[in-house]
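Keep the viewer open and follow along.

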Amino acid sequence: MYDFIVIGSGYGGLSIATLLSNIGLSILILESHTNIGGCASFFKRKDFLFDVGATTLSGIKKNQPLGKLFNILDLKPKLKKMNIGMIVYKSNGEKVIRYSQKEKWIQECEKKFYDTLANYKGFWNEVYKIENLAWDLIDKNNNLPPRCLKDFINLSSVNNLKFINLLSGLFFPLKKLLDKYNIKNQDFINFIDNQLIISTQNNYLNSPYLTSCMGLAYPSEIYYPYGGINSTLELLLNKFKSNGGNIKLKQEVISIKRKKDFYLVKTKNKSYVSKGIISNIPIWNMKNITEGQIKKYFENISYKFDKAPGAFTIYFAVENKFNIESCYYQIHTDEKIPFCTSNSFFVSFSMDDDYYKAPKGYRTITISTHTDVEEWQNLDKKDYISKKCLIESFIMQNLYKVFPEMKNLEKLYFLSGTPKTFEFFTKRYKGFVGGIPHSIDNNFLLLLPSNVTSFENLYLVGDTVFPGQGIPAVVQGSLNVLYHIEKNFK
Ligand SMILES: Cc1cc2nc3c(=O)[nH]c(=O)nc-3n(C[C@H](O)[C@H](O)[C@H](O)COP(=O)(O)OP(=O)(O)OC[C@H]3O[C@@H](n4cnc5c(N)ncnc54)[C@H](O)[C@@H]3O)c2cc1C
């Protein structure tokens with residue numbers, strides 16, 4: 001019998017599986033797809049490798065989740081810190097450079113969003129201060145969110161007093177901070193909303209200012225992963241296997257049953273038993289493969305957090321006959337992208353010398369934007385294809401405005417993906433990706449489903465549980481689970 005079966009091998013599943021194998025526990029990972037990685041996976045076409053979703057890593061500093069993960073496991077991924085985190089093209093064609101260095105970025109902001117009344121310097125200094133403090137809080141408190149009186153008592157300890165000011169950042173939207181620094185410039189607010197959509201999947205009126213600050217500071221710490229976003233997962237997998245861990249691909253879990261003192265896990269053709277379960281699959285999926293009280297629990301939380309965004313993605317390779325100043329661009333459009341929920345899209349280029357992703361003289365490109373999953377339900381093939389074509393053409397026309405040289409270059413392996421594609425390959429319910437958006441109304445951060453459940457040895461990791469979306473948050477969830485298992489597992 002295994003100590004734990006981990007269901008899914010996304011960043012959540014592989015990080016907790018490797019951490020647990022590293023402390024000597026026997027672990028089996030069951031993954032439904034032919035590859036590891038989920039939303040941070042890849043696909044190959046001849047000599048070209050395409051990231052399917054996530055393309056950037058962050059949270060690498062010593063006190064941040066990936067920094068801690070690499071340190072504990074002694075992993076040394078090949079990453080390049082971007083001096084220019086991202087380049088933003090506003091819809092009027094104006095370029096805004098998100099320098100990673102704070103002072104340089106503030107100067108750029110003051111120049112590009114000139115407004116004598118706005119105190120941009122004060123605003124950004126506070127954004128970075130809150131971000132630092134928030135990482136510190138997370139680093140020092142592995143038992144967040146508090147679930148019982150003891151957790152609340154621990155949280156209110158003297159050591160945590162310095163974090164008290166962060167509390168209001170959970171209840172008030174980013175607008176409060178913008179007002180504090182007299183920022184009313186609509187052009188800037190539009191810019192901020194487009195930055196927030198990448199990290200908090202919400203806008204300045206609804207996104208809590210604590211998580212907004214973490215999202216807004218993200219371009220100061222963007223790392224390009226050589227060999228693709230999956231390369232770090234490959235390192236984790238090697239470590240996991242060298243620790244004696246076992247992984248089975250093409251094994252979709254279709255049922256989890258709690259027996260007297262163990263769990264029985266079934267895939268289409270096999271059964272496995274373990275003392276504990278760690279789910280790396282979305283909460284909505286869990287309600288369909290569990291029974292009894294456990295099923296009820298997932299039904300309740302799925303009902304409470306019933307919505308997440310979908311993604312529309314485009315992939316292709318081109319000859320490297322145009323200049324890029326960063327691997328990451330956000331391009332704003334005059335109007336909403338058809339059938340999408342955003343006025344912008346995110347473009348990720350492979351690095352010139354990343355020959356693992358593209359041969360010399362070529363780049364691979366992944367483009368992503370947000371769409372409502374309902375747009376893609378119950379379509380016949382003709383309507384589905386015609387919707388896809390309209391979006392592809394809109395995005396490519398806007399891309400050519402920024403990179404006119406690209407227009408006449410041949411696009412190799414051009415493909416696009418919708419929520420249906422993500423649902424098919426990752427099994428995520430309805431193709432909901434990116435996790436539950438943080439919001440001041442119902443999706444209050446500390447109320448997100450905890451990594452620890454009240455069922456014996458049943459833990460949750462991934463972007464639909466605390467602390468939420470993005471790879472650093474997902475890895476933090478795994479560190480929280482490690483903390484609890486080290487304390488409680490017998
Ligand atoms: C387009 C896009 C761009 C993004 N960009 C970034 C970015 O640049 N940086 C960043 O930090 N984050 C980014 N994100 C978010 C990030 O990719 C995700 O939050 C993160 O990868 C989620 O990891 P996870 O472990 O929670 O889940 P997943 O990646 O969904 O992994 C779950 C795994 O479980 C498997 N599975 C599902 N059901 C079963 C079953 N029944 N049995 C067995 N296995 C099962 C799936 O196949 C999958 O491998 C992006 C997301 C998208 C969609």
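Asn323 counts as exposed, because its relative accessibility is 70%; here buried means under 20% relative accessible area, exposed over 50%, and partly exposed in between, with a 1.4 Å probe and protein chains only. You will find Asn323 in the loop between strand E13 (310–319) and strand E14 (328–332). Helices (H or I, at least four residues) and strands (E, at least two) are DSSP runs, numbered from the N terminus. Asn323 and Val433 are 110 residues apart along the chain, and their C-alpha atoms are separated by 31 Å.

A few words on how to read all this. This is a predicted model, in which local features need pLDDT of at least 70 and side-chain atom pairs count only at pLDDT 80 or more, while totals for chains, interfaces and linings use all residues. Residues are numbered from 1 along each chain as its sequence is written, and side-chain values use heavy atoms, with hydrogens and water left out.

Asn378 is not a glycine, yet its phi is positive, about 50 degrees. It sits in the loop between strand E16 and helix H13 (381–402), and it counts as exposed because its relative accessibility is 79%. Lys430 also has a positive phi in a residue other than glycine, near 55 degrees. Its place is the loop between helix H14 (419–426) and strand E18, and with a relative accessible area of 23%, Lys430 is partly exposed.

Now step back to the overall layout. The chain is divided into domain 1 (2–42 + 230–306 + 435–488), domain 2 (102–219) and domain 3 (310–430), with bounds that come from an automatic or database domain assignment. Between the C-alpha centres of domain 1 and domain 3 there are 29 Å. Their contact takes 11 residues from domain 1 and 6 residues from domain 3, where contact means heavy atoms within 4.5 Å.

Leaving out residues up to four places away in sequence, Met406 touches Phe316, Val318, Phe322, Phe349, Ile365, Leu399, Tyr400 and Lys411.

Towards the end of the chain, look for Val475 in helix H15 (residues 471–488). Val475 counts as buried because its relative accessibility is 0%. Beyond four places in sequence, Val475 touches Tyr11, Ser15, Pro65, Leu66 and Leu69. In the loop between strand E18 (458–460) and H15 is Pro467, and the peptide bond from Phe466 to Pro467 is cis, with omega near -5 degrees.

On a 1 Å grid over the protein atoms alone, a cavity is a set of points where a 1.4 Å probe fits but cannot get out, and a pocket is an open set with protein on both sides within 12 Å along at least five of seven lines; lining residues have an atom within 4 Å of a point. Grid points are joined across faces, edges and corners, and a volume is the space filled by probe spheres set on the points.

The whole structure holds 2 cavities of 30 Å³ or more. The largest cavity has a volume of about 70 Å³, and among its 14 lining residues, Asp51, Thr55, Ser348, Phe349 and Lys357 lie nearest its centre. The second largest cavity, with about 30 Å³ of space, draws at least three lining residues from each of domain 1 and domain 2.

Finally, the second largest pocket has a volume of about 630 Å³. Of its 27 lining residues, Ile197, Gln201, Asn202, Pro309 and Pro437 lie nearest the centre, and helix H8 supplies the largest share of the lining, 4 residues. Asn194 is found in that helix, H8, and counts as buried because its relative accessibility is 6%.
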